[in-house]
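Reader: Hey, can you walk me through this one? I'm new to reading structures, so please keep it simple.

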Amino acid sequence: MQDSDCVEFLQWVLPRLHRRWPGFRKVRAQVCKRIDRRCKALGLAGPRAYRDYLEGHPDEWEPLDRLCPITISSFYRDKAVFDFLGCTLLPHLARDAHERAAEDLRALSIGCASGEEPYTLKLAWHFHVAPDYRQISLHIVATDVVSEMLERARKACYPPGSLKWLPEAWRTQAFEPVAGKYCLRAAFRQGIEFIQQDVRAALPEGSFNLILCRNLVFTYFDEGTQQQTLEQLLTRLSTGGALVIGRHETLPSRTGGLIPWPGTKTRGIFQRR
Ligand SMILES: C[S@@+](CC[C@H](N)C(=O)[O-])C[C@H]1O[C@@H](n2cnc3c(N)ncnc32)[C@H](O)[C@@H]1O
């Protein structure tokens, strides 16, 4: 399949799926490959024929939507963000929980891919915060719409490239090498619950002190879907809690009581007043 045919197809199809072409522009190869495979499975000559097919087969929009998730991730993705989480934000939340005599903090990672993001959070908690707050536990809920990603997350074994941003000392203490991969030791997998969920349709129950929604909603979905999802996220974020979005993302226009986290220049970190 020609790249230009795929681009033309995506520019036509993405707005109809409430998605944004600019989010896909640089990473489209992953989706183009799946579209190519889908065309072959349907016996179609290419994206133009697929477009005609979609016009006559409205049921095909659902399988097409499932071809769109971009699943790129890595441990400690965006150093400035995880440095801030580990050194400032998590200790702040822990101190606040301690003052309230609370025993739990709850964090939500939406679009968690193969677990890189929630496990990085767990490691940041373990190495930066837990030694000072033994009486408080961090419970993490992590969701993704793609079941294969969650299967990989539960296995928690990664190619070396996924760990390249992780502090070296964390890698050696938290992972063991197994058959050319790095597998997270059992102690670091505890306290994390993985749930298959489409963020456009549902969110885990309960309220959360920290929500990570990075490199998903505010990159790939259109303004209307971003706004609706943000409103839903705010129903799950506790007062004083933090919402973290991707470094290159911006929030839609109505931000419902969120302010940039006081005292930080790191982009994409907000506090709920
Ligand atoms: C680009 S990755 C980002 C992973 C991680 N948050 C990060 O920043 O490294 C986006 C993830 O969101 C998932 N995803 C895509 N659409 C979704 C949806 N509608 N609901 C939940 N997860 C979704 C993808 O499967 C993928 O694992």
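This is a predicted model: local features need pLDDT of at least 70, side-chain atom pairs count only at pLDDT 80 or more; totals for chains, interfaces and linings use all residues.

Reader: Ok, and where is Phe9 found?

Author: Phe9 sits in helix 1, which covers residues 3-13.

Reader: Is Phe9 buried or exposed?

Author: Buried, because 21 other C-beta atoms lie within 10 Å of its own. The cut-offs are 20 or more such atoms for buried, 12 or fewer for exposed, and partly exposed in between, with C-beta atoms placed from the backbone.

Reader: Which residues does Phe9 touch?

Author: Leaving out residues up to four places away in sequence, Phe9 touches Ile35, Pro47, Tyr50 and Arg51. Touching means that the two C-beta atoms, placed from the backbone, lie within 7 Å. Ile245, by contrast, is 236 residues from Phe9 in sequence and 28 Å from it in space, C-alpha to C-alpha.

Reader: Zooming out, how many helices and strands are in the protein?

Author: The protein has 11 helices and 10 strands. Its C-alpha trace spans about 60 × 50 × 30 Å along the principal axes.

Reader: What radius of gyration does the protein have?

Author: It is 20 Å, which agrees with a compact globule, because 273 residues packed that way would give a value near 19 Å. That radius is taken over C-alpha atoms, and the globule rule is 2.2 Å times the number of residues to the power 0.38. Buried residues account for 34% of the 273 residues. If you take contacts between residues at least 6 apart in sequence, 73% of them join residues at least 24 apart.

Reader: New topic: in what order do the seven strands of the open sheet come?

Author: The order is 6-2-1-7-8-10-9, with mixed pairing. Two strands count as paired if DSSP finds at least two bridges between them. At the edges are strand 6 (192-196) and strand 9 (258-260), each pairing on one side only. From one strand to the next, the twist averages 20 degrees.

Reader: Which strands does helix 8 touch on the sheet?

Author: Helix 8, residues 147-155, packs there against strand 2 (137-144) and strand 6, and its direction makes about 165 degrees with that of strand 6. For angles like this, axes are lines fitted to C-alpha atoms, for helices over the stretch in contact, and values run from 0 to 180 degrees between N-to-C directions.

Reader: How many bridges join strand 8 to strand 10?

Author: Three, and strand 8 (residues 237-245) runs antiparallel to strand 10 (residues 269-272).

Reader: What about strand 5, which residues are on its covered face?

Author: Strand 5 (residues 181-184) has Tyr182 and Leu184 on the covered face, and Lys181 and Cys183 on the uncovered one. In a regular strand, side chains alternate between the two faces of the sheet. Strand 5 pairs antiparallel with strand 4 (residues 175-178) over four bridges, with Pro177 partnered by Tyr182. Two bridges also join strand 5 to strand 3 (residues 157-158), again antiparallel, and there Cys157 is partnered by Cys183.

Reader: How many residues lie between the strands in the hairpin of strand 4 and strand 5?

Author: Two, and Ala179 in that hairpin takes a positive phi near 50 degrees. Most residues other than glycine have a negative phi. Ala179 counts as exposed because it has 6 other C-beta atoms within 10 Å. Ala101 has a positive phi too, near 60 degrees, and lies in the loop between helix 6 (79-99) and strand 1 (104-110).

Reader: Last one: which residues come nearest the ligand?

Author: Of the 21 residues around it, Pro69, Ser73, Gly111, Ala113 and Asn215 come nearest. A residue belongs to that group if its C-beta atom, placed from the backbone, lies within 6 Å of the molecule. Helix 7 (116-129) and strand 2 each supply at least two residues of the shell.

Note on methods
Residues are numbered from 1 along each chain as its sequence is written.
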